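Here are my notes on the model you sent. Please read them with the structure open.

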Amino acid sequence: MGECVDSSHIDWCGAERRHFWFSSRHYIGLLHNAREMCEVEISMRAYVKMCLHTARYPHMAVNGVLLGYGGSQMGCLYLTDCVPLSHGLLPLSLPLEVALTQIDLWSTEEQESRMLVGYYQANANLDDKSPSTAALRIAGRVSEYFEDAVLIMLDNRSLSVNPRIPPVIVLQQKDRRWIPKDKTLVMWRNWEEIRRVAKVLLESKTYSQLVDFDDHLDDIRKDWTNQNINVEIAQLVSTANGSTG
């Protein structure tokens with residue numbers, strides 16, 4: 001193609017550039033709006049295992065990654081499970097990369113195409129529910145796997161055996177900053193049932209069985225996918241629904 005030579009062609013090229021610039025800004029704006037309005041649904045399994053992780057190490061910071069599917073294109077991000085990562089000192093770069101790679105492979109192969117979609121953390125300080133530098137760094141790393149990733153901070157002060165409202169703060173990334181998501185967009189399939197199951201497992205001290213990736217690295221025989229806890233959750237749900245199968 002030749003260069004723009006006459007005035008009409010020059011005007012046309014300029015108009016095209018302006019149209020592309022405005023269209024690009026409009027498209028980016030639509031993406032941001034879709035992400036802001038996207039609902040997040042937290043499953044029983046994800047919530048209960050986050051609670052058990054904090055209960056097992058009540059005086060330490062704990063963290064983990066969230067698995068799920070969906071996102072802004074579907075109008076809802078479904079958090080179906082979580083994998084506890086560590087307790088105490090948050091993971092260094094190398095162990096973190098090993099964990100994320102292994103979890104990503106497992107989730108896509110074994111969990112019906114579920115993927116890494118978020119990160120959670122509870123701080124050691126009872127009144128501290130703000131994302132730490134480590135939380136922002138790791139959540140940013142997870143967002144490289146999934147652009148609609150969320151960051152969940154657990155509210156230690158509100159965490160109890162039977163909380164009235166969900167003790168979680170869901171954040172999303174906007175313009176490279178993590179900001180709290182509108183609470184009306186954080187959904188629960190059945191909060192009362194989720195709360196009941198969490199209460200039963202906390203009171204029975206099932207948290208003593210929970211394995212995070214730190215534990216697995218210390219003893220590779222330990223199952224960081226926590227299938228035994230998944231089974232207990234499913235059994236409690238089945239019993240409540242009147243099934244004995």
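1. Ile-42 touches Tyr-47, Leu-79, Ile-152, Val-168, Val-170, Val-186, Met-187, Trp-188 and Ile-194, leaving aside residues up to four places away in sequence. Contact here means heavy atoms within 4.5 Å.

2. This is a predicted model: local features need pLDDT of at least 70, side-chain atom pairs count only at pLDDT 80 or more, and totals for chains, interfaces and linings use all residues. Residues are numbered from 1 along each chain as its sequence is written, and side-chain values use heavy atoms, with hydrogens and water left out.

3. Ile-42 also belongs to the largest nonpolar core, which has 59 residues. Tyr-47, Val-48, Leu-66, Leu-79, Ile-103 and Ile-152 join Ile-42 as the residues with the most contacts inside this core. Such a core is a set of buried Ala, Val, Leu, Ile, Met, Phe, Trp, Tyr and Cys residues joined through side-chain atoms within 4.5 Å. Buried means under 20% relative accessible area (1.4 Å probe, protein chains only).

4. Buried residues make up 44% of the 245 residues in the protein. Among contacts between residues at least 6 apart in sequence, 72% join residues at least 24 apart.

5. The protein has seven helices and eight strands. These are DSSP runs, numbered from the N terminus: helices are H or I, at least four residues, and strands are E, at least two.

6. Which residues make the contact between H5 and H7? H5 contributes Glu-193, Arg-196, Val-197, Val-200 and Leu-201, and H7 contributes Glu-232, Ile-233, Leu-236, Val-237 and Ala-240.

Conventions: Buried means under 20% relative accessible area, exposed over 50%, partly exposed in between (1.4 Å probe, protein chains only).
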